[in-house]
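Please read them with the structure open.

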Amino acid sequence: MAQEDVFKKLVSHCKEYGFVFPSSDIYDGLGAVYDYGQMGVELKNNIKKYWWDSMVLLHDNIVGIDSAIFMHPTIWKASGHVDAFNDPLIDNKDSKKRYRADVLVEDQLAKYDDKINKEVAKAAKRFGEAFDEQEFRSTNARVLKYQEQRDAVHERFAKALNDNDLTELRQIIVDEEIVCPISGTREWTEVRQFNLMFATEMGSTSDSAMKVYLRPETAQGIFVNYMNVQKSGRMRVPFGIAQIGKAFRNEIVARQFIFRMREFEQMEMQFFVRPGTELDWFRSWKEQRLKWHENLGFGSENYRFHDHDKLAHYANAATDIEFLMPFGFKEVEGIHSRTDFDLAQHEKFSGKNIKYFDPELNQSYVPYVVETSIGVDRMFLSIMAGSYCEEELENGTRVVLKLPAALAPVKLAVLPLVKKDGLAEKAMDIINDLKFHFNCQYDEKDSIGKRYRRQDAIGTPYCITVDHDTLNDNCVTLRNRDTMEQERVAIADLNNIIADRVSITSLLKKLQ
Ligand code: ATP
């Protein structure tokens, strides 16, 4: 199946089974804003818990906060967002469609990669086992030509971004003959900068109203609270502050479902370190974060690091963790060494001394910061994409979400074979016993086969069937989602068998 079709199916699956709905659906939606349904919110909460616990429970030097979305407007001046939180946009004159100029070039680079990979795949097929990929990549004339073209574009692109040279950025689009996917033409406008922050007014009268912003990242709420937390929590550098919360960006091109939204949620952790040690911490957090992702079991080949071509104004090292989505490798998380930029700026703009006194060094300094920043929604999408499977069985196709059990919205479905003869009551007794430990769902409608399919489609790792024998032997049939194997187990053992396999704790233990 083409990857585009997989993506379309995934989007409709999300709606059909209550994971994600377009916002304001009955009014035909609102651009790049989405709501999470009854299944989606459970999965989202589990993702957040996995992240939060891995940060705050497993590290005795990381604590959490929950700061307000509205903040003093000077914060965004100090952080550089008012002046520099821009995306370069370009319009196609024929289709009147707007694009991010940098994304158009990045897509073009990905096309060169695709061409190279196609050559490699073709050769691998032709040569079979004797194929030496490295040798082929370094000697094949066609591959070398594509690589050379790619490197040349990449070099110009990185320079244009670093120099903030919008004319050159446009010229790359023209020289590479990039066309608008809608109109198919190359009639491009100039490239302009566009600020991504949403603004609103706070105050009761128009005279006293103050322009405030909806935060475009949660990080600044951590920076301006760093002293409060350090003092009240008697924290010693190195220490971290974690936060989960909404962020808002007026994205120019908001496509690809929940990958790029205007209202989204971030999980950010700012780690405060001694100046000079930040690059060691940067490497350490890169490793720890990749492990957190790989721990979910989607295969390490589906992740890669992507170092930034252009470092943000505050960073001295930055990388993204990318996941192989149905539309290619895409950023899910950013890891940035932010130097002392933010704290130093807040010290300057607020006029308050926010230096840390290091008792071991007997010295005061503004700590350096390494940040890990991940979008809940992108993580959600990567998990859905990694889990969605269509399997051909003897009696038709089954759609199954092979979600990591600890993240699945429902852990156990309890299904009475028939409604009568006391089986429904027995099933409810089981639920009433287990519901304190994990999320259970009761379903009595349709055939057992259909009920299994419905649970597969929402990723429920276990189903149990209550039958007539259950009334005598107090045993049920336990069915495993992935293997579809069934075993007879005692009701009394259910909690022991299931609870451990579906708990976030089991995931966290594997991280240690
Ligand atoms: P991009 O280059 O895709 O615009 P970014 O580099 O600006 O992303 P960061 O500012 O580093 O993103 O934000 C950290 C994380 O927040 C990203 O890795 C992503 O998971 C998430 N994120 C950022 N923007 C959005 C958005 N518009 N919708 C959903 N998630 C987002």
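1. A polar contact here is a pair of N or O atoms within 3.5 Å; within protein, one must be able to donate a hydrogen and the other to accept it, and residues adjacent in sequence count only if both atoms are side-chain atoms. An oxygen atom of the ligand lies 3.0 Å from an N or O atom in the side chain of Arg378. The backbone also takes part: a polar backbone atom of Gly375 is 2.9 Å from an oxygen atom of the ligand, and one of Met261 is 2.8 Å from a ligand nitrogen atom.

2. The model is predicted: local features need pLDDT of at least 70, side-chain atom pairs count only at pLDDT 80 or more, and totals for chains, interfaces and linings use all residues. Residues are numbered from 1 along each chain as its sequence is written, and side-chain values use heavy atoms, with hydrogens and water left out.

3. The ligand is surrounded by 16 residues (a heavy atom within 4 Å), and the closest are Glu251, Arg260, Met261, Glu331 and Val332. This shell divides into four nonpolar, five polar and seven charged residues. Ala, Val, Leu, Ile, Met, Phe, Trp, Tyr, Cys and Pro count as nonpolar, Asp, Glu, Lys and Arg as charged, and the others, Gly among them, as polar. Strand S13 gives the largest share of the shell, five residues.

4. Helix H2 (residues 38–57) packs against helix H13 (residues 376–387) at about 110 degrees, with the axes 10 Å apart. Helices (H or I, at least four residues) and strands (E, at least two) are DSSP runs, numbered from the N terminus. Axes are lines fitted to C-alpha atoms, for helices over the stretch in contact, and angles run from 0 to 180 degrees between N-to-C directions. The angle makes H2 roughly perpendicular to H13 (65 to 115 degrees). The contact (heavy atoms within 4.5 Å) involves residues including Leu43 and Ile47 of H2 and Phe380 and Ile383 of H13.

5. Two backbone details deserve a look. Most residues other than glycine have a negative phi, and most peptide bonds are trans. The Val237 to Pro238 peptide bond is cis, with omega near 5 degrees; Pro238 lies in the loop between helix H10 and strand S9. Phe257, in the loop between S9 and S10, has a positive phi, near 60 degrees.

Notes:
Parallel < 35°, antiparallel > 145°, perpendicular 65-115°, else oblique.
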